[in-house]
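Walk me through this structure, please. I would like to know how its parts are put together, with the terms spelled out as they come up.

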Amino acid sequence: MNRAVKRLVTLVSALALSAITVPAAQSAAAPGDYWTPERMRSAAPLDLRTTTPSALRSTVPTGEPATVAPLAFPNGGSAWTGGGAVVRTAGRVFFTYQGRNASCSGNAVTSANKSTVVTAGHCVKLDGAYHTNVAFVPAYDNGNAPYGTWAARATFATPQWHASEDINYDIGAIVVGQLNGQSLTDVVGAQGIAFNLPRADNTYAFGYPAAAPYDGTKLVYCSSRTFNAFISDGIGMTCNMTGGASGGPWFRAFSEATGTGTVNSVNSYKINLFPNWMFGPYFGADAQNLYNQAQAA
């Protein structure tokens with residue numbers, strides 16, 4: 001993607017043959033100690049809105065297919081009150097970006113190391129530099145960390161995101177260290193993850209949007225049928241979540257009763273002209289390769 005096209009998208013918060021690993025902490029305090037309730041509450045959402053030119057008006061996707069039965073479907077963006085596993089596996093990702101405290105979202109997934117969090121690429125690296133003080137707070141609750149603050153010991157991005165921040169590969173992974181002698185997914189559980197699935201399906205997206213009209217205090221969800229994206233090779237869905245939701249999981253086969261599903265994308269970017277649509281990268285072979293490297297770390 002050329003530089004001009006990259007400016008067209010809004011990042012709201014990618015995976016290939018070899019991933020990039022960087023130190024997770026580069027400050028005097030360890031990330032787990034750095035993120036006090038006050039710093040978490042004041043962390044700015046990573047939100048880079050831009051203006052979309054009128055030329056894009058001719059590339060609007062076709063209308064969405066008819067929806068189906070579940071009570072929470074479709075939904076453009078509301079606080080999740082259904083409970084279940086997603087309340088524990090989803091959380092906020094905190095980090096220092098260009099000298100300021102910022103936030104995204106992420107989700108713990110099934111992994112060999114029981115320590116892998118999937119998020120967006122720009123939630124681990126942006127504008128040519130990797131973030132510092134990276135930490136994951138599952139079940140974040142308005143400054144509270146009921147399951148602890150999990151400091152990253154390594155962060156990963158695809159070579160494509162590492163080299164040029166290509167929006168098609170805006171996927172990242174965080175491997176956290178143990179906390180009190182326990183591994184992340186032994187404490188909060190994990191969601192499944194899958195690759196190379198059909199592009200159109202009923203999908204639920206989750207995140208912690210912190211830009212207006214949201215405030216980052218609640219887990220928010222959207223639900224709709226996905227469609228082929230434009231500007232990127234990814235997928236899109238109806239969703240009005242804002243900055244801070246970046247990196248939050250997209251689920252196929254999501255059960256409202258249990259709060260479980262299969263992760264197959266993450267919140268990546270929005271376009272100003274279409275604020276009610278969210279776009280995410282397609283989880284193909286590159287995503288699978290990154291996941292495999294992260295879970296082996």
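There are 22 aromatic pairs in the structure; rings of Phe, Tyr and Trp (its six-membered ring) pair if their centres lie within 6.5 Å, and planes under 30 degrees apart count as stacked, over 60 as edge-to-face and the rest as tilted. Phe-206 and Phe-251 form an edge-to-face pair, because their ring centres are 5.7 Å apart and their planes stand at 75°. This pair joins distant parts of the chain, with Phe-206 in strand S14 (residues 202–207) and Phe-251 in strand S18 (residues 249–255), 45 residues apart. Strands (E, at least two residues) are DSSP runs, numbered from the N terminus. Phe-251 also pairs with Phe-254, here in a tilted arrangement with 5.4 Å centre to centre and 35° between the planes. Phe-206 is buried at 0% relative accessibility, and Phe-251 is buried with a relative accessible area of 0%. Buried means under 20% relative accessible area, exposed over 50%, and partly exposed in between (1.4 Å probe, protein chains only). Phe-254 is buried as well. One aromatic cluster takes in Trp-80, Tyr-204, Phe-206, Tyr-221, Phe-251 and Phe-254.

The model is predicted, so local features need pLDDT of at least 70 and side-chain atom pairs count only at pLDDT 80 or more, while totals for chains, interfaces and linings use all residues. Residues are numbered from 1 along each chain as its sequence is written, and side-chain values use heavy atoms, with hydrogens and water left out.

Strands S14 and S18 belong to an open sheet of six strands with mixed pairing, in the order S4-S15-S14-S18-S19-S13. Two strands pair if DSSP finds at least two bridges between them. At the edges are strand S4 (75–79) and strand S13 (192–193), each of which pairs on one side only. S13 pairs in the parallel sense with strand S19 (residues 260–266), over two bridges. In this pairing Gly-192 is opposite Thr-262 in S19.

Beyond its neighbours within four places in sequence, Leu-184 is in contact (heavy atoms within 4.5 Å) with residues including Ala-108, Phe-136, Trp-150 and Val-176.

Is Lys-125 buried or exposed? Lys-125 is buried, with a relative accessible area of 3%, and is placed in strand S8 (residues 125–126). Its side chain makes a polar contact of 3.0 Å with the side chain of Glu-165. A polar contact is a pair of N or O atoms within 3.5 Å; within protein, one must be able to donate a hydrogen and the other to accept it, and residues adjacent in sequence count only if both atoms are side-chain atoms. Leaving aside neighbours within four places in sequence, Lys-125 also contacts Tyr-130, His-131, Trp-161 and His-162, among others.

Tyr-147 lies in the loop between strand S10 (132–138) and strand S11 (150–157). Tyr-147 is partly exposed, at 29% relative accessible area. Tyr-147 and Arg-88 are 59 residues apart in sequence but 8.1 Å apart in space, C-alpha to C-alpha.

Conventions:
Helix = DSSP H or I, 4+ residues; strand = E, 2+ residues; numbered from the N terminus.
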